[in-house]
Amino acid sequence: MPSALRRAVLALCVAAGAVAPAWAQMTPVGRWHTIDDETKEVKSEVVITEKEGVLTGRIEKLLRKGADPNRRCTACTDDRKDQPLIGLEIIRGARQVPGKAVWEGGTILDPESGKTYTLRLTPVESGAKLEVRGSVLFIGRTQTWVRVP
């Protein structure tokens, strides 16, 4: 291989290596701090995992001041009724939209109200934050979660 071609290939490999960590973060998979809408303080830590292209998310820790670590989802009406909040699966069934850094088609549970919403997850700011949109029909709200370093 001529040396000019070798240098060009090496430069491409180095550039690809520099971009790869940023692209790897453009996924909802990981640890996230949820933020309270009213106080703007960290509320909980949620871990999102992927298996066979499907995302699930569980509450790993309750971080709000004075949070009861033994609290249960008393407002839930499905199989999560009376389950402990720690370990509770709040995200189910989201899949990546082909060709986009967006995950949809699943649901998200608000354990405080027991209500379930359709879900849209969009990594933003190079994956440092996650826009989490829950909606019913055309009415919804978006929260921004922060990736745990």
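Predicted model: local features only at pLDDT ≥ 70, side-chain atom pairs only at ≥ 80, totals over all residues.

Let me begin with a contact between two side chains, those of Gln 143 and Trp 145, which are joined by a polar contact of 3.0 Å. By a polar contact I mean a pair of N or O atoms within 3.5 Å, where within protein one must be able to donate a hydrogen and the other to accept it, and where residues adjacent in sequence count only if both atoms are side-chain atoms.

Residues are numbered from 1 along each chain as its sequence is written, and side-chain values use heavy atoms, with hydrogens and water left out.

Helices (H or I, at least four residues) and strands (E, at least two) are DSSP runs, numbered from the N terminus.

Where does Gln 143 sit in this order? Gln 143 is found in strand S8, which covers residues 139-147, and a second polar contact, of 3.4 Å, joins its side chain to that of Asp 37. If we leave out residues up to four places away in sequence, Gln 143 touches Ile 35, Asp 37, Leu 130, Glu 131 and Val 132, where contact means heavy atoms within 4.5 Å.

Is Gln 143 buried or exposed? Gln 143 counts as buried because its relative accessible area is 15%, and buried means under 20%, exposed over 50%, and partly exposed in between, with a 1.4 Å probe and protein chains only. Of the 149 residues of the chain, 30% count as buried.

Now to the largest pocket, which has a volume of about 600 Å³. Of the 28 residues that line this pocket, the closest to its centre are Lys 43, Asp 110, Pro 111, Glu 112 and Gln 143. A pocket here is found on a 1 Å grid over the protein atoms alone, as an open set of points where a 1.4 Å probe fits, with protein on both sides within 12 Å along at least five of seven lines, and lining residues have an atom within 4 Å of a point. Grid points are joined across faces, edges and corners, and the volume is the space filled by probe spheres set on the points. The largest share of the lining, four residues, comes from S8.

Let me turn to the loops. Thr 27 lies between helix H1 (3-24) and S1, and its side chain reaches the backbone nitrogen of Val 29 at 3.2 Å. Thr 27 counts as buried because its relative accessibility is 18%.

Glu 52, in the loop between S2 and S3, counts as exposed because its relative accessible area is 71%.

Finally, Leu 137, in the loop between S7 and S8, has a positive phi of about 55° although it is not a glycine, and Leu 137 is exposed, with a relative accessible area of 79%. Ser 126, in the loop between strand S6 (115-124) and S7, also has a positive phi, near 60°.
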